[in-house]
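Visitor: Please take a close look at one part of this model for me. I would like the contact between two chains, step by step.

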Amino acid sequence: MQFMLLFSRQGKLRLQKWYVPLSDKEKKKITRELVQTVLARKPKMCSFLEWRDLKIVYKRYASLYFCCAIEDQDNELITLEIIHRYVELLDKYFGSVCELDIIFNFEKAYFILDEFLLGGEAQETSKKNVLKAIEQADLLQEVRVECCRSKRFGNFAERDS
Amino acid sequence: MSDVVEKTLSALPGLFDNVTQTGAAKITSGLKQLIRSITELTSKHEEEKLMKQELSAMKEQVSSPNTSMKQMREVMVRAMYCEMLGYDASFTYIHAIKLAQQGSVLEKRVGYLAVSLFLTEGHELLLLLVNTVLKDLQSTNLIEVCMALTVVAQVFPKDMIPAVLPLVEDKLSHPKEIIRRKAVLALYKFYLIAPNQVQHIHAKFRKALCDKDPGVMTSSLHIYLQLIRESPDGYKDLTGSFVAIMKQVVGGKLPMDFYYHNVPAPWLQIQLLRILSLLGREDQSTSEQMYEVLDESLRRAEMNHNITYAILYECVKAIYTIHPKAELLEKAARCIGNFVLSPKINLKYLGLKALTYVVQHDAKLALQHQMTIIECLDHSDFTIKRETLELLFRITNAQNVTVIVEKMLDFLRGCGDEHTVIHLVGKVAELAEKFAPDNSWFIQTMSDVFSIGGDSLQQDVPNNFLRLLAEGSECKEEDDELRLFAVDSYLTVLKGDASHLPQHFLQVMSWVLGEYSHLQECVDQREVIRLLAKLLDQRSVSSETRVWILSALTKISEGQTDLILELAESLSSSQDTVLRQQAQELRHLSRDSQLQECVLPRGAPWDSMEVDSSLSFLDGFVSEALAAGAAPYKPPHQRQEELSEERALNLEPYSFSLPVSLSSCSITDRQSPPLLSVSSGLSGNSTELSQKEGSSTLILEGVRRVWGKDGYLPQKETAATAPPVDEPSIAVHPSGQQEVAERIETQPEPSTRNQDKQQLASSLFVGLGTQSSISLLGKSEAPPPRFRKKPRPHESSSSSSGTSERSSDSSSRSSRTTTDSFLYGSLLEEEPVTSTSTTTNGLSQNKHTEGDRRANTSQILGSDMVIVRPNTIQDRHPPSASSDLTALLPSEIKDLPHSDVISLTSDPSLSLASCRMFRDEALLLVIFICNCTDTVIKDVAVQLTCEELETASLRGNVVDCLEGKSTSVCHYALLMDEPHTNVSFTGTVSYQTQPGHTNTLPFSGTLSTVDFIRPLVVTTEEYGKLWLSLSHDVKQNLKLLTDAGGDPLKTTLNALKDALQLHVVDIIGSEGIVACRLLSGAPCLLHCRVNGSALAMWLRSPHPSLPDCILYHCQRALAEH
C-alpha cells in the first residue's frame, strides 16, 4: 500500500499515512486531487478507480471516506477488507466510533493503524491482538479518555452496502 | 455546511464540559480548543489567520525552556493536526525527535508518532533519531522496544541501517511474538530500501517462516514475496513448505483469532497464492505440487462475502499464471463467470480485470461474456468503462479493429483525465499501426490520436508515425499512396481553422507537407507555402513548432523565390533568434538552387544522409577562437577531475552538468549552412542524437524527425470536404459499416436496442470464435502488420554486433578466423588448434618461429584482428611460485611483453592466476588454472565475459581432465573498440571433483585502457599529415616532471612512454610529438609543449572519446610518478 487517507464528506482531511517517501508538495497535490475525484463519484459506482499509475480503493463509512492507494497487481478486494478491519478496530476501541472520535483522538487512530499496518503491509490481522497491543501501551496513560460517545451517526462500522 | 455537522457542532460544548473533568483531557484541551475554534470559522481566510496565531504560539511554547515534556506532548499533537490541515509546522520536527529521546514512555509514543508522520526517508533530522532508536531497542521495557521497531519499519535513514541491524536481528529470536513480528517487518523494510545490507540474514528469514506464531510467519511472507518476485528460481525448494502452510490454513488449522468473518487468515492465503503463482510460472513440476491445494481453496471459498471473492480472484490469477491444468482452468473460468455476472459492481470490475488477464491465454472466454462486456462499455462508471476498453484492446484483431478503435476514441473524447488519455491514445496508435485495414483509415485515426492526445502526447507516438511514413515498406507505390493520403488530409485540415490544434499535430503536418507535398501534383506548391506561412502568424503556435514549419518551408521553397523571400524578410525581424537564423538560411537557400539541391535532396533515400558528428567543419572556427585566446573545451570528466584535484575533497553530490549548446557554437561558420540548421534543429527538438556516438557517419534520422507533424481534429474532419478525408472509417470494414448503418437506423427505438447490441457484439467479437485462441493475442500471431516498420538502422547494427560479440562462434567471426589463419598461417599452424593436447613441455621446439613472428608485427599492425585460440596446455609440474607460471606460457606467445602474474582467486581445489600479454592487435589475457589437490579434476570449463570488450575465445575452452598438482593455461584475445578508462571482466570456472558434482569458481578483474594502447610508429611528416586529418581534440595542461636534473620534457615524455606504451616521434626544442593507437585501430596523436612549469598537451584522434581517455591515464601516470 502506498498511502491511506481519511477525509470527511466536506473534503476535510482527518488522517493521512504515507508509506512511500513523497515531498509535502506532492502529498498536498495528491490529497487535493484525490479528495475531489472520490467525492465526485456516485454511491452506486464501484469502489475502485485508476488514478495516475495507481489504483485507488475507497469506501465510505457514515460521513468519513477511507481511501487507500495500491499498486496495480495488488488485490482490490482485500484492500477493501483492510479498510473494513481498520474500521472494526476503531469501532471496538472507541466503542461505536464516529467521526468526532477520530477528530479529537486522531493520535489514537494513528496508534491503532500502526499496530495494524506497518510499512504499508498488514502486520497483525487479528482484532484481539491489535487491541491488546494498544491497550498495553494505553495502560501507562493515566485515565482513558472517555469522550465523544455520540451515537448520532448510527452504528459507524455498519457497512453501507 | 451540512446538517450533520451543524448538529455535531451544537453538541460540542456539552462534550467539552464532560471531558474537561478528566486529567487527560486537560493535556489535550489545547487541541480541542483549536479544533473547536476552527470549526466555528466560516472562511478560509479566517482559518489562515487563526492558524498563524496558533503556530506562533506553538513556536513560543516549544522554544521556551520551561515547557515540560507533558506540555510538549500536547504541542506535538497540535502540530500534527496543523500539518494535517496543510500548515507548515516544521519548527516542531526537531522537538518531536527530542520528545522521543527524552520523554517518558507516553511522551515517547507521541514523539515517535510525530517523527513517523513528519519526516520522510532521507530527511536529515532522521540521523538524530538513530541513537534514540538504539537505546530503545536495548530497553527492557517491551513497549519501548515495540515503539522503536515500529518507527524503524516506517522511516529510517538508509545509511544508518548497519548501526541497528544486529539489534533488530537479535529481536528475531525474542520470546514475545509481537517483537519478532515487528522485527521481521523492519527487516522487510530494510530489504526494500537497501537489499544488500540484509543479504547475510536470509537464513534467519527461513527461521521466521517456520515460526510457531502464525503472525510472525505471515509477516515473513512479505519478504519472501519480494525475494521470489526478483528471482523465483532461488526459492523453488520452498514450494513444498508454502503448499503445506496453505493446506493447513485452508483446512482450518489456525486459531480462531486469525479468522476474519469466518474465513481463515485471508491475508495469509492471498499472500501464499501470490507466492505460489510466481513459483509455478512456466514450471510444470513446481506447478504440479500446487494443483491440489489450489483446487481445495477454490472449493472452500464458497461463502458469499467480499473476502472469499478476494481469495477466489487471487486463486484464479494463480491458476492462469502457473503451468495450465485443464480441470482447474475450467473451474477458474466458471469462477470468472460468477464475477462478471455478479450484480455487485466491485465484483464485476474484478471480473473484467480477470478477463483482461485471461484472454491472453484463452480468448474464447471473452466470447462467452460478450453481452456483459457490451453492457459494461456503456456503463455510467468511468472505471468500468476504462477496464472494458482495456479488455477490448487485448482482443483486437484485423477484423474488429475499426469498431474497437472507434469505441476507444469515443471514450477518449469524453474523458478529462490526462493520464488516461495519454495511456489509451498510445494504445490506439499501437492498434492502428498494427491492424489498419487501409490507408485512409490509418491517416484518419492517427489524426484523431494527435488531436485528442493533445500536447501531453508521448513524443514517440508522432516519432513512430513519421518514421513509418518515411521508411515505408518494400512497395514504393503503396508508400506513396499512403503519403498522398496524409498530404491531402492535412491540407484539408489546414484550410480550416488550425488555431486550436495541438502542437504535435502541427509539427507532424508540417513535416509531412514539407517532405511529401510534391507527390500531389494537382496541388499548387504556392498554396502549401501559403498555408504553412499562415500558421507562422498564429499566436498559439509554439516556437518549436515554428522551427518545424520553417524547415518544411525550406524543403518546398524551390522555385517559389518571391514568396519565400517575402517570408524570410518578415521573419528577419522576429524576436526569436532561432527563427531569424532559419529565415536567413531560407533566404540563402532560395537564392542558390544548387546549394538547395545538395542540402535538401528531394526524395533522397531515408538512410543515406550522413552527418559529421565530429563537427570537424568547425575546426577552423575553433582554432581561430583558440588563437584569439579562448579557453579550450574540456569534457566533463576532465573538469571534474581538475576540480577534485583542486579541492582535494570529492564533492560528488554537486557534480557538474555541462551545458552544451550546439546551436550557439554553430552560428558563424559560413561553409556549412546545412549543418547549421541541422544542429540548431537538434538542440531545439531534443532528438536522441548522442554526441558521443562513435562513428563520424551518423545516420541523420534524428534530424529528419526534427521537422515534424501533429494531430488533427475529429469533429472537424467529418465535416470537412476533402475527398480522401471524407470517406473515413465508415467505408473501411464491412462489419463496421454494417454496424454503423444499423445503429443510425435503429437507435431511437428502444425495442430494437437489444438487437443493436447483438450487432455491436458481432462486430466487436468478430474473428474471435473461429480462429484458434492464440490468434487473438495480437502480438506474435497477428496477421502481418500492415505497416511493417523496417528495423531502425542503428538498432539493427547494434543488435547484430551485440550477438556476434556474444556468440564467439558466429559465422562472421569464424570466417574472419579463417582469413586470419590463412594470412598468418605460418604463425598459427604449430598451435594446437582446438585440442587440449598435453604437451609435457613443448616450449623449446617452437623457439625458432618466434623470431619470424616478431618480424611480422608490422604486418599484423594492418590487420584488424587476429583470433587467438585459447589453447590449453597441461603441465605436469606442480605449480610453484606464480612467477614461474610464465614458463608455462604457450610457445607462440611466450616472448610477447607481458605483465606480472596476478592471482585472481582460489578455492580448495583450484587457484586461478592471470597475466596480460600485449600483442599489437589485441590484448591477450592468459589464465592459469592450477589444480591444488592431488586428485584429478574433470571437465574444467572457463567462461569469460566482458561487456565493453570483444572477447575472442574458442568454443570448448575446456579441459577434460586436469591432473593433480598440474596447471592448465588458456588465453583470450581481448579487443577494445570503444575506449573505456577502465573495464572489468568477470568469469567462472566450472569443474567436477566428483562425477556429477559441478563446482563453479567465479573470478573477476579489471583492465585499463593502458593495456590496449600500442605505440604508433610514424615519421614526423606522417605525423603532420595525420594531425590535420584528425578532428577530435582535447587540450590540457599537465604536470611537468622536473626531477633528476635532466630535460624536463624528455623526462616527462619518457615517463609517459613507459607508463602508456607511447611512441615518441620527435622532440624539437620545447615541443615533443608522441603517437599511439588503440590496439590496431584509432590513432591518437599527442602534441606536447613546455609552457612554464606545465606541459601543455594537445591530443587529437578520429575517435571522440579516445583523447580523453588517454589524457586521463597521462594524468594518472604523472601523478603517480
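How much area do chain B and chain A bury between them, and what percentage of it is on carbon and sulfur atoms?

Guide: The model is predicted. In it, chain B and chain A bury about 6700 Å² between them. Of that area, 58% is on carbon and sulfur atoms. Three residues of chain B lose the most area to chain A: Met84(B), Arg109(B) and Trp267(B). Together they make up 12% of what the chain B side buries.

Now the residue counts. Chain B brings 77 residues to the contact, and chain A brings 71 residues.

Take the one that joins Glu76(A) to Lys353(B). Its closest N and O atoms are 2.7 Å apart.

Which element supplies the largest share of the chain B side? That is helix 1 of chain B, residues 3-19, with 8 residues touching chain A. By class, the chain B side that touches chain A holds 42 nonpolar residues, 17 polar and 18 charged.

Glu433(B) sits in helix 23 of chain B, which spans residues 418-435. Glu433(B) counts as buried because its relative accessibility is 15%, and the cut-off for buried is under 20%. Thr445(B) lies 12 residues from Glu433(B) along the chain. The C-alpha atoms of the two are separated by 9.7 Å.

Notes:
Residues numbered from 1 in each chain as written. Chains lettered and ligands numbered in written order. Predicted model: local features only at pLDDT ≥ 70, side-chain atom pairs only at ≥ 80, totals over all residues. Heavy atoms only, no water. Contact = heavy atoms within 4.5 Å. Buried area = accessible area lost by both parts, 1.4 Å probe. Salt bridge = Lys/Arg side-chain N within 4 Å of Asp/Glu carboxyl O. Helix = DSSP H or I, 4+ residues; strand = E, 2+ residues; numbered from the N terminus. Nonpolar A, V, L, I, M, F, W, Y, C, P; charged D, E, K, R; others polar. Buried < 20%, exposed > 50% of the residue type's maximum accessible area, 1.4 Å probe, protein only.
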